[in-house]
Amino acid sequence: QVQLVESGGGLVQPGGSLRLSCAASGSGFSIAQMLWYRQAPGKQREVVAAITSGGMTSYADSVKGRFTISRDNAKKTMYLQMNSLKPEDTAVYYCSPLDQRLAHKWDLGQGTQVTVSS
């Protein structure tokens, strides 16, 4: 059983940066494709970035060039470096395995709030 815990969110001014972390416990993280998604009030869930077990990445157009996803399998941790933040990036950010069968089995976190405001 894998448990995920997100951290690193906060309040930041437009143009600022934050680094989110997703810490995993248990076995299975290192072989899983992982993703970050966000949920803002009144908006649909949006997958912002994904990464394979080997480190190949993909991004939503809305964050391409500003966000960087990475992972350290030895530390069982995934990261999301967010630069040039915009007010529309405000949301709760969650990490999850891409495979929905794993998402139903794992103990997913509560997310971390990111607020971009002056």
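Throughout these views, buried means under 20% relative accessible area, exposed means over 50%, and partly exposed lies in between, with a 1.4 Å probe and protein chains only. This is a predicted model, in which local features need pLDDT of at least 70 and side-chain atom pairs count only at pLDDT 80 or more, while totals for chains, interfaces and linings use all residues. Residues are numbered from 1 along each chain as its sequence is written, and side-chain values use heavy atoms, with hydrogens and water left out.

**View 1. Met 56, an exposed loop residue.** With a relative accessible area of 63%, Met 56 is exposed. Look for Met 56 in the loop between E5 and strand E6 (57-59); strands (E, at least two residues) and helices (H or I, at least four) are DSSP runs numbered from the N terminus. Leaving aside residues up to four places away in sequence, Met 56 touches Ala 50 and Ile 51, where contact means heavy atoms within 4.5 Å. Ile 69 is 13 residues from Met 56 in sequence, and their C-alpha atoms are 9.5 Å apart.

**View 2. An open sheet of four strands.** The order is E1-E3-E8-E7, and the pairing is antiparallel; two strands pair if DSSP finds at least two bridges between them. Strand E1 (3-7) and strand E7 (67-72) stand at the edges with a single partner strand each, so one side of each has no neighbour in the sheet. On average, neighbouring strands are turned by 15° against each other, direction ignored; here the axes are lines fitted to C-alpha atoms (for helices over the stretch in contact), and angles run from 0 to 180 degrees between N-to-C directions.

**View 3. Strand E8 and its two partners.** Five of the six residues of E8 are buried. Strand E3 (residues 18-25) pairs with strand E8 (residues 77-82) over six bridges, and Gln 81 in E8 is the bridge partner of Arg 19. E7 and E8 also pair over six bridges, in the antiparallel sense, with Arg 71 opposite Met 78. Their hairpin has four residues between the strands, and Lys 76 takes a positive phi near 55° there.

**View 4. Two arginines over rings.** The charged end of Arg 19 sits over the ring of Tyr 79, 3.9 Å from its centre. Likewise, the charged end of Arg 71 sits over the ring of Phe 29, at 4.7 Å from its centre. The criterion is NZ of Lys or CZ of Arg within 6 Å of the ring centre and within 35 degrees of the ring normal.

**View 5. A stacked tyrosine pair.** One aromatic pair is found in a search of the whole structure. The ring centres of Tyr 37 and Tyr 94 are 5.1 Å apart and the planes are at 15°, so the pair is stacked. Rings of Phe, Tyr and Trp (its six-membered ring) pair if their centres lie within 6.5 Å; planes under 30 degrees apart count as stacked, over 60 as edge-to-face and the rest as tilted. Tyr 37 belongs to strand E4 (residues 34-39) and Tyr 94 to strand E9 (residues 91-97), so the pair ties together parts 57 residues apart in sequence. Tyr 37 counts as buried, at 11% relative accessibility.
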